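Try each task before reading its solution.

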Amino acid sequence: MLGQELFDVFTSAVAPPLAIAAAGYVLGRWREIDVEPLSTVTVYLLMPALVFHSLVTMPVGGDTAFSLVTAMVGFTAVMAVTTAAVGRLAGETGSVLSGATLAAAFPNVGNFGIPVATFAFGDIGRTTAVVFVLVQNVLLYTVGVYLLSSSGAGSDRTAAVERVLTLPVTYAVLAAGVALAFDPVPAGGPSLETIGMVGDASIPLFLIILGIQLADMNPGRTIKRVVPTVGVKLLIAPIVAVVVALVTGIAVLDAGRAFVVLAAGPAAVTPLVLTIEFTADREEGLSAADYVGTVVLLTILGCLPIVTGLIVAFELFL
């Protein structure tokens, strides 16, 4: 049974995004490509569309949604503090430390988590993943961008706040609030469908950027350095998720189980895109983007048995 579950999860959820990232890697090895313009398009055009569309079509509400959001924010905060502490003990500073913190605190609940949660838990799994994506986007494009912008050499905290306020994602959230309050966007209409199409383009582009970034770096040189962050993401994150689910009372719900599985997933690609866009300094020859990209790669490979084991455990014992 475990072997079949492992195969099903891999073929339905892991292999497709890996294939897209691999295509980006091959392209990056074949042609010299600058990923910064790609990340700029994603940050300033595609992601605002994805956030707006996801918010106005969010399929869950009420007490369950509030409990899930509380659990997700709590999980992210605990993971960020833990990773930052471990990173400082390991000697990381500046933008590398900020990038490591974001990489471990934000699991990939989009192109990895949505298919895995849907496969394992059905509609409630997908709904949980969508809510998690929304919470992450709000945190990443506010707190995350601030941390990256204010942590590099010669950084200015006031300028970092101003940068957050100039991001379109901030206003996409506000616009979605207006749309939900006054319903100015017809559900299923061409306007909303167009916005959704633009937003959906961000997911494969994220993975292509990851592949190109990996093609331009030497993971072997950074593997030893990222071990502490990878260890926190793979080993500590599932434990934190279980504790948070118990504390918030969602552990007894299918949504709570989906939350734990999602939290145990690999590092998200969005922190890599933001690291490329909002950091420029290198520390001892290693860029923050190289560090984050290696964390993403290793956690994708390392999380599969953990995620599969959790799914099987929930099916057998809960």
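The structure shown is a predicted model.

**Exercise 1. Find which helices each supply at least two residues of the nonpolar patch, and list the residues of that patch.**

Solution. 
- Step 1: Start with the helices. Helix 7 (157-166) and helix 8 (168-182) each contribute at least two patch residues.
- Step 2: Name the members. The surface patch consists of Val161, Leu165, Tyr171 and Leu174, which together have about 390 Å² of accessible area.
- Step 3: Take one member as a check. Valine 161 sits in helix 7, and its relative accessibility of 40% makes it partly exposed. Patch membership requires over 30% relative accessible area, and valine 161 has 40%.

**Exercise 2. Find the residues of the negative surface patch, and decide whether aspartate 216 is buried or exposed.**

Solution. 
- Step 1: Collect the residues. Glu32, Asp34, Glu36 and Asp216 form the negative patch.
- Step 2: Locate aspartate 216. This residue belongs to the loop that runs between helix 10 (202-215) and helix 11 (219-248).
- Step 3: Classify aspartate 216. Exposed means over 50% relative accessible area; with 65%, aspartate 216 is exposed.

**Exercise 3. Count the salt bridges in the whole structure, then work out which parts the pair of glutamate 92 and arginine 225 ties together.**

Solution. 
- Step 1: Count. The search of the whole structure gives two salt bridges.
- Step 2: Look at the pair in question. In the bridge between glutamate 92 and arginine 225, the closest N and O atoms are 2.8 Å apart. Glutamate 92 is in the loop between helix 3 (62-89) and helix 4 (94-105), while arginine 225 is in helix 11, so the bridge ties together parts 133 residues apart in sequence.
- Step 3: Compare the surroundings. Glutamate 92 is buried at 4% relative accessible area, whereas arginine 225 is partly exposed at 24%.
- Step 4: Turn to the other bridge. Aspartate 254 pairs with arginine 257, with 2.9 Å between the closest N and O atoms. Both residues lie in helix 12 (residues 254-263), three residues apart, about one turn of the helix. Aspartate 254 is partly exposed at 40%, and arginine 257 is buried at 18%.

**Exercise 4. Describe the chain as a whole: how many helices and strands are there, and what percentage of the residues is buried?**

Solution. 
- Step 1: Count the elements. The chain has 14 helices and two strands.
- Step 2: Of the 318 residues, 51% are buried.

Technical notes
Residues are numbered from 1 along each chain as its sequence is written. This is a predicted model: local features need pLDDT of at least 70, side-chain atom pairs count only at pLDDT 80 or more; totals for chains, interfaces and linings use all residues. Side-chain values use heavy atoms; hydrogens and water are left out. Helices (H or I, at least four residues) and strands (E, at least two) are DSSP runs, numbered from the N terminus. Buried means under 20% relative accessible area, exposed over 50%, partly exposed in between (1.4 Å probe, protein chains only). Patches are made of residues with over 30% relative accessible area and no salt bridge: like charges are joined within 9 Å, nonpolar side chains (Val, Leu, Ile, Met, Phe, Trp, Tyr) within 5 Å. Accessible areas come from the Shrake-Rupley method with a 1.4 Å probe; for residues, only the protein chains shown count as cover. A salt bridge is a side-chain nitrogen of Lys or Arg within 4 Å of a carboxyl oxygen of Asp or Glu. Lys and Arg count as positive and Asp and Glu as negative; His and the chain ends are not counted. The place of a charge is taken as NZ of Lys, CZ of Arg, CG of Asp or CD of Glu.
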